[in-house]
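I'm jotting down what I looked up, one entry per topic.

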Amino acid sequence: MKGHFRIVFLLVLPVVLTDALLAQTEAYENLEKQWLTDSAKQDFERTYDIVLRVMNSKALSDNEKYDFFRRSIALFENNRFDNDTMLGRTYVFAGLVHYNRDLKSAIDLFKLALKHYKRFYPLNDGRVISVYFHISEKLFLDFQLDKSMEYLDSVILLQKGRELDFNWVRSLNLSARIYAFMGDIGRMQLILQAVEPMFEKLGKDRLEYFINTKAGMYRDLFLPDSALKVLRPILATSKSPFFTYSQIGQAYLGLSNPDSALLYFQKQRSILEAQDLNFDQNEINWLWYNLAQTYLDLNDLLKSQTSIDRITGVEITDRSRINYKALEARILGRLGQLDQAVAICREIDYDFTHDFNQTPFDQARFFITYLKFLSEVYNSTSQQVVGNEIFKLINTADSVLASRRKEIMSPSGRQNYAKFYREFYDQAIKNYGKANISSISGDPVENTIKYMESTKALVLYEEFAEKRAKESLRLNYRERYEDLIYKMHTAPDLDTRLLMSDSIFYWLQQEETASLNSPVETERFRPDFTSYVNEPDVLYLNYFQHEDTTLTVALMGSGRKALVHVEKKEWYYLLKKNLEEIRNYSPGDLDEYNNYDSLLFNYLLPFSGQDIPEKLVIIPDGILAYFPFEVLRNQDGYLLERSSVSYSFSLAMLEQVHRFPQISGRPLIMAPDFDEEVHLSVRGLASSDIKLSALEFNRQEAIDIGTILRHDQLCLAKDATVNNFFNYCSASPVIHIATHAFASEDKDQQAQILFDQDQDLNKVYLGEVFSHKIPANMVVMSACQTAIGRYMPGEGVMSFARAFTGAGSKSVVASLWSVNDESTAKVMSHFYRELKKGETKDEALRHAKLEYIRHADPVYRHPYFWAGFVAIGDMSPILTDYRWIYLTIAGLIILAAVIFLFRRKISDII
């Protein structure tokens, strides 16, 4: 039966296709005949009716439609037919069907349509606004972003006072797309969050359009998990499954799941082949590109090559074509056709290096792909010419990536960009770490550190500089956004959410006006390496954790300079094991921390048996950001016993915090009461069972520190409030907070500091710290988990330590885990006594920990009790014991008096 069915199907299919083709041909001929008749009679009304029928026809191609519209426009204008609405609308139709063929011509057609519409309709008419939108959208697609925003501004102005409609929300949606293109992910997300309730009000079809464009923005920003999250709810009910399947497939590709991606691209291909739909050639090409990428990831090279060969009709100068060519080079390289592959890469290298119509993210993606490809070729052939090509590309790309980063407006956008282009520097640093590549221009160690610095805390550096430079104490806009968005998402009805949306747009406009009036310029900073190499008794250790968990260590200082690439991944698992043992310790498990591993010591401190200097400055990366190096141990004991250890987010950041002077004033010490267990409510969780124990020693800790410091602003119990914190923090040289805090590596859980057991009314979130100016010389957060948070590649850990640094603080002492209340109080008291003697912060913390270990019960000498706190940033002394100065002055006065009396006595005798 199956065989008979196939025969019947094969016999019937040509007939069906022929009938469809005849029907299409007949439809075109009938319309053509009618158009010729009406145009000959100069019956313009009937000719315009045909224009409408042509636009709504599913049987005609865009080329055929454009032909009708072009001839109709010529007919109307040659005969001076001056009906602005008909002529304007015909121009609109021509622009809609023509923009896939010639974008610039389409823009001109829409501008002519606007001229006619503006003569016939009032400016705030929906049809006029619609044409403004089309011009703006096509200018965006042509990468004319400034002009695109000008037309969008017109839409926003003209829309005021009108009822909510599709023109308004799709224009706002387009503004989000423009910000996404520029990498301004923060503003993009604000607009998307505010626009979503508007799309909901307009119905399910409009909402699906919004979700698909939103997913496209996340895709362009290489945030595939976010794209997949917004697409899943509409998958089962999508009315445009061809595009939804494409988005989902691309998201799975971004998540390195080619099997799932292939499933959705095959569904998309089935729609293409089975349905009589007029798909644009660009959409078809994009499907073949995605299939080629998927087959390449699945190592099915022949299918990958077949797919890429099916792409047609795109000029080499087209942005998409350059992407297609880059993929073709990778396929050829994997097939062993290296010469052809390298030739293609060289062909498009100039375009990606110099064509700034590419997004920063597109350029970074190309450089990543090209460098990975060249590295594969070099590893296969060991050709020196390819090695030279690698380092030429690294230098070129480094300059371009740094330049493009400045174009991204928002901190969140630059963070995402750093996270993305970190892949490039991953490859670059690994290549510099290979000893078998010779003929490298420049110093390998300095170049490696330079590239490491390009992936570390550049946004933090800029925020710190801005907070120290600006006179204003706080930036209100970010606070207002967070508050309004939270209210919008928790509002019980759609109307309230729409009201919150309007407020968000109001504050967006206020922020834009303020930023135009007071721009802040910040440049990327790269350190002077000479000062670090020659600094005596200090060693700077810069780490880079690669995607494959290998490790590169660049060390500099005490007259040394070296580069080590740790190929063995054992260091990673040893460190995780050590960290888990320390964090999860409870008294009674072990008498001491005896499970040290000297192998981890040697991996992380690759000195080759040389003497360990007095001071170590650690610039960590990846998992190392959660680890206290002081606990590293070998046969000679803890590292703590030989060196003081401090940390920095980057060398550039260290230079920055040294640059600004210390402030004077009264220290701020805060210790709220927590007499009973706290059940913490964490925003972002549906339900929470997080429990925080009562604090028995924080009040006494604050009193002891107040006694040591004197002249302090001591806020205990009910005086330890959020209001008092923000009232005093901008003028306090030292801030000490002994309280509860919560942080998590989960991005949906907001980090917070608690100032009261009624935490809903008295807590500070991470974003609120960032939004203030806090130029303290030192902030000590004597609380749990204040140095941990979600790790963001390219920027580091999103912790309270980072937030206070971003707010302008020169140094921070913070915790890496849930610290013990009693041992913390003892370590902190010792710490401030050492500071009072004039010690540097790192030395003071080291002595405090050693003092604690010497006097602690053996059960409580485990690193869990003393190693949790780390010193980050500027280690300069902040307190001095002036008693010796007073005694010296008094002694000199007495000596002077004795000499004076003695001389007087001699004089009397004479």
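**Entry 1, helix 11.** I listed the buried residues of helix 11 and got P224, S226, A227, L228, V230 and L231. Buried here means under 20% relative accessible area, exposed is over 50% and partly exposed is in between, with a 1.4 Å probe and protein chains only. Helices are DSSP runs of H or I with at least four residues, strands are E runs of at least two, and both are numbered from the N terminus. Helix 11 spans residues 224–231 and has six of its eight residues buried, so it is largely enclosed by the rest of the structure. Next I checked the cover over those buried residues, which includes helix 10 (204–220) and helix 12 (241–254). Contact means heavy atoms within 4.5 Å.

**Housekeeping.** I'm working on a predicted model, where local features need pLDDT of at least 70 and side-chain atom pairs count only at pLDDT 80 or more, while totals for chains, interfaces and linings use all residues. Residues are numbered from 1 along each chain as its sequence is written, and side-chain values use heavy atoms, with hydrogens and water left out.

**Entry 2, strand 12.** I went to strand 12 (residues 734–738) and found five of its five residues buried. On one side sit V734, H736 and A738, on the other I735 and I737, and both faces are covered. In a regular strand the side chains alternate between the two faces of the sheet. For pairing, DSSP has to find at least two bridges between the strands. Strand 8 (residues 668–671) pairs with strand 12 in the parallel sense over three bridges, and I735 is the bridge partner of L668. Strand 16 (residues 778–782) also runs parallel to strand 12, joined by five bridges. There, M781 stands opposite I737.

Which residues touch the most other members of the largest nonpolar core? I got L604, F629, F725, F804 and F831, out of 241 residues. Helix 18 (residues 360–381) supplies the largest share of this core, 11 residues. A core here is a set of buried Ala, Val, Leu, Ile, Met, Phe, Trp, Tyr and Cys residues joined through side-chain atoms within 4.5 Å. Another core lies apart, with 37 residues, L31, V51, Y66 and F93 among them.

I found six cavities of 30 Å³ or more. A cavity is a set of points on a 1 Å grid over the protein atoms alone where a 1.4 Å probe fits but cannot get out, and lining residues have an atom within 4 Å of a point. The largest cavity holds about 280 Å³ of space. Its lining has 22 residues, with P620, A625, S648, F649 and V797 nearest the centre. Strand 18 (796–798) and strand 20 (869–873) are the elements that give two or more residues to that lining. The second largest cavity has a volume of about 50 Å³. Among its lining residues are E630, D842, R846 and K849. Helix 34 gives the most to this lining, with four residues.

Is Q415 buried or exposed? Q415 is buried, with a relative accessible area of 11%. I placed Q415 in helix 20 (residues 411–432). Not counting residues up to four places away in sequence, Q415 touches V459, M792, P793, E795, M798 and R802.

Terms used
On a 1 Å grid over the protein atoms alone, a cavity is a set of points where a 1.4 Å probe fits but cannot get out, and a pocket is an open set with protein on both sides within 12 Å along at least five of seven lines; lining residues have an atom within 4 Å of a point. Grid points are joined across faces, edges and corners, and a volume is the space filled by probe spheres set on the points.
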